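Dear colleague,

I am handing over the structure below, and my notes on it follow. Please read them with the model open beside you.

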Amino acid sequence: MLNLPSSLPVPMKPEHWQTLDSTKLQCYCACPRQFFYEYVLGWRREYTSNHLIFGRAWHEALEHLYKTGFAPEEVPVAYEKFLTDYRAELPESTDTWFKGKTPDNALLALVEYTKEWAEDAYSIEVLDTEVGGKVGIGKDRDITVKLDLVGVKDGKLMALEHKTGSQAGETWANQWKLSIQIGAYLHALMASYQCEGYDPTIFVNGTFFYVKSRKFLRVAMQRSGSAMLNWLTSVHSLYDLIEGDFAKLAQCKDSDPVLDAFPMHPTACTSYAGCQFHDLCTCIANPLQYSDEPITGYAYHWWDPLSEIKGDITK
């Protein structure tokens, strides 16, 4: 739990601020000012993200396949679950807007997936799917974790984390070696399940959607005790920095020429498709002057990683 000041010059949302997960921590690492806009003010651009919606729908389809053992007759059912979730926000008329991540490609990918990973049907004993919760990390702090699939493979505890992407390769695979997210998954497994002396493994399960093809890539991630201690130390350091920025924020006013909290890290502005707050940072020195409500083009969107879980790993 974050140690927050009693008053702040922004609308108070401690119920949202107190939930820290790997997504928020990685965002803070990239740029504290982005963290401020997205997770303190709760702003996000008013647009529908094909990547987010497609990824969520893909999770629904794979969850069904793993629960039913990859039976061929379950592929159409899995696709229907995908389509129901996807069409709730993106109608058929939008399909031509996107390249690889389309419903037609998803159906082909489901058929190919059951062939590529056919052995999963008998080599993985599924324990839980779509489970999560707040897991303690000491110092009266916790980290929120959501796991796509928890199971046993070759007698060892494991988790399978589904990812969708547009470009497979070594860069994608290497990003998980020091990822805060992977450390959080491993910590949650060790804290919430009986490991029976075996170190758990996270299998990062990537499916990549090209215009005319699909590709699958899976990487196994384990960490030593010293590596997990390093992860824990880093997470506590980030907690300290975030609490420090909230303490600074309590001393700031909308009349200040600049915001002396949650500083900009301009090295991350063009990462991936570019930061959604880039234009704001180029023209606004003190966001508190506009913090009463979202600026035109933005809306409130409070990130809740536990909104889609179907089971609590802390019980």
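Helix α2 passes helix α10 in a left-handed crossing, a term used when the near helix is turned anticlockwise from the far one by less than a right angle. The axes of α2 (residues 22–30) and α10 (residues 225–249) come within 11 Å and cross at roughly 70°, which means that α2 is roughly perpendicular to α10 (65 to 115 degrees counts as such). The contact (heavy atoms within 4.5 Å) is made by Leu25, Tyr28 and Cys29 of α2 and by Val235, Leu238, Leu241, Ile242 and Asp245 of α10.

This is a predicted model, in which local features need pLDDT of at least 70 and side-chain atom pairs count only at pLDDT 80 or more, while totals for chains, interfaces and linings use all residues. Residues are numbered from 1 along each chain as its sequence is written, and side-chain values use heavy atoms, with hydrogens and water left out.

Tyrosine 86 lies in helix α5 (residues 75–87) and counts as buried because its relative accessibility is 0%, the cut-off being under 20% relative accessible area with a 1.4 Å probe and protein chains only. Leaving aside neighbours within four places in sequence, the residues in contact with tyrosine 86 include Asn50, Phe54, Asp95 and Lys101.

Notes. Axes fitted to C-alpha atoms, helices over the stretch in contact; angles between N-to-C directions. Helix = DSSP H or I, 4+ residues; strand = E, 2+ residues; numbered from the N terminus. Parallel < 35°, antiparallel > 145°, perpendicular 65-115°, else oblique. Buried < 20%, exposed > 50% of the residue type's maximum accessible area, 1.4 Å probe, protein only.
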